[in-house]
Amino acid sequence: MTGPLKKRTLRWLIPLHRYLGLGMSLILLLWFASGIVMMFEGYPRTPDHERMAWLQPLAMSELTVAPSQALARLGLDDPEGLRINRPGERPRLHAMDDDGQWHSAFADTGEPAPPLDREQAVERAESLSGSGVASITQLDGPDQWTVNSHVRAPAPLWRVALSDEAGTHLYLSRPTGEVIHSTTFHERVWGYAGPVIHWIYPTQLRALSGLWRQVVLWLSGIGTLACLSGVILGLMLMRRNKRRGGISPFRGWFRWHHYLGLTFGALATTWVFSGLLSMAPFHWTSVDREPALTQHLGRSSPGAHDDVAAPSAIATLSDRRPHELQLHRFHGRVYYKAMDEDGNEQLHTSRPGIDVPVAAGQLPPDVIRSALAPVEDASLTGITRQSRYDAHYYAGRSERIGGDGPPLPVYRADYDGGARLYIDPATGRPLQHSTPLSRLNRWLYNGLHSLDFPILNPGSLFWYGLVLALMSGGTVLCLTGTWLSIRHLRRRRKA
């Protein structure tokens, strides 16, 4: 770059980076520091096997009421979500209406079940935990640990603080009586230090999902510009300094910031930019998505619940004591899906005397194949049974922290146009739907943001060491930028 052009560029680039840094340096510092925390601690979640531990086993002989009878007593018609379990002394059927509200009926008589009151919530929490109750609070909306979409919380909730050493909070659903979530003091502390800061996740903002998304998009976009301008500026200002030694014209904190920027600036830029992509700006990964691919698998005819028999009438369920039954829709049919205490699932027919294809608790391969083929505007090009993870279907960061990866084996169905479905052979449930754009986003987001490249063996000691070193460098870079911003503001204040 020639001298006059370089001077004109620096004349606007220096103040641009300075003022972007004044606004973003602290946020970038918090993002990097909380990102290090999230390498080891995630958002508190409740896996199915933990939720099953809070339920009593079901006795099929008690479940003599057909779901349609209980739904009629509740005034519901063809609900989307329906499950049967035993959160207390009697089994209950839980169903969600069109407004997302949950209702409960006793599964042995069909009569509506009363909501869980305060005294019952305390009694149930003490019985399940073996500890006393320090306090109980009714939550009419989500709090910090139930606002996440991965926590299925039939509100309103009772939040019960136990007087145990772990500082446990249990969340009990008032309409269904179930314990649906728990957190410990350790999880909450690291949850604030990691995900809450990193995702900009205060409850009031996250509850306004549209506003929250815009805040994250704008901050990550401005942060990307701040980092990129710093990289360009750092390269333009490199020159041999014989008097001070090195290639930086600065000294003191500015010199440290310059050298750290030359070393970790490109990393910071791609890392913040990939964080921006996690929010799918302009919904660009949805442009080539075909909703019919997943919708038709879970579709059933209207009134399909009317023909579902009571669980006690299903021969294959008679000798089992699952912890939960769910009505599961697949390709026009309704099944009973039984979940045991470890969270394992098995399918059973829901209509005695009718040949509903279930073999050894799973859907036969030919049934899944026939369901995958007739999709509107998408032609099936191949189905593969996959017993290993691949570059797109694998255990991500949250699964590695929780030690629980997605199920294997799976069926992978490929369609013309590049659409791809991963199907659970046990239930026919779509586990992942990807398109060419979403697979590109996998490399741009997961690859750049978490160095989630197969060659680096994510989750290995080498990967942890590499990511920790790079994230620490980015943290120190942002720390020097934050200190320089504070010094600049102090001088402006004195002036």
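This is a predicted model: local features need pLDDT of at least 70, side-chain atom pairs count only at pLDDT 80 or more; totals for chains, interfaces and linings use all residues.
1. Is Asn-457 buried, partly exposed or exposed? Asn-457 is partly exposed, because its relative accessible area is 47%, and the buried class ends under 20% while the exposed class starts over 50%. The residue sits in the loop between α12 and α13.

2. Now the overall picture. The protein has 495 residues, of which 47% count as buried. Its secondary structure comes to 13 helices and 14 strands. The C-alpha trace spans about 90 × 60 × 40 Å along its principal axes. Among contacts with a separation of 6 or more, 62% come from residues 24 or more positions apart.

3. Surface and charge. The accessible surface is about 24500 Å², and carbon and sulfur atoms make up 56% of that. There are 51 positive and 44 negative side chains. The centres of these two sets lie 23 Å apart.

4. An open sheet of 6 strands runs in the order β3-β2-β1-β8-β9-β10, with antiparallel pairing. β3 (102-106) and β10 (345-349) are the edge strands; each has a single partner, so one side of each lacks a neighbour in the sheet. On average, neighbouring strands are turned by 30° against each other, direction ignored.

5. Within this sheet, look at β8 (residues 324-330) and β9 (residues 333-339). They pair in the antiparallel sense over 7 bridges. Leu-325 stands opposite Ala-338 in β9. Helix α3 (residues 67-74) packs on the sheet and touches β1 (82-85), β2 (92-96), β3, β8 and β9. The direction of α3 makes about 65° with that of β2.

6. Check the loop between β4 (133-139) and β5 (157-162), where Gln-144 is found. Gln-144 counts as buried because its relative accessibility is 9%. Leaving aside neighbours within four places in sequence, its contacts are Tyr-43, Tyr-192, Val-196, Tyr-201, Pro-202 and Thr-203.

7. Two peptide bonds deserve a look. Ala-155 and Pro-156 are joined by a cis bond, with omega about 0°. Pro-156 lies in the loop between β4 and β5. The bond from Leu-408 to Pro-409 is cis as well, with omega near -5°. Pro-409 belongs to the loop between α11 (397-402) and β12 (410-415).

Terms used:
Residues are numbered from 1 along each chain as its sequence is written. Side-chain values use heavy atoms; hydrogens and water are left out. Two strands pair if DSSP finds at least two bridges between them. Helices (H or I, at least four residues) and strands (E, at least two) are DSSP runs, numbered from the N terminus. Axes are lines fitted to C-alpha atoms, for helices over the stretch in contact, and angles run from 0 to 180 degrees between N-to-C directions. Contact means heavy atoms within 4.5 Å. Buried means under 20% relative accessible area, exposed over 50%, partly exposed in between (1.4 Å probe, protein chains only). Accessible areas come from the Shrake-Rupley method with a 1.4 Å probe; for residues, only the protein chains shown count as cover. Lys and Arg count as positive and Asp and Glu as negative; His and the chain ends are not counted. The place of a charge is taken as NZ of Lys, CZ of Arg, CG of Asp or CD of Glu.
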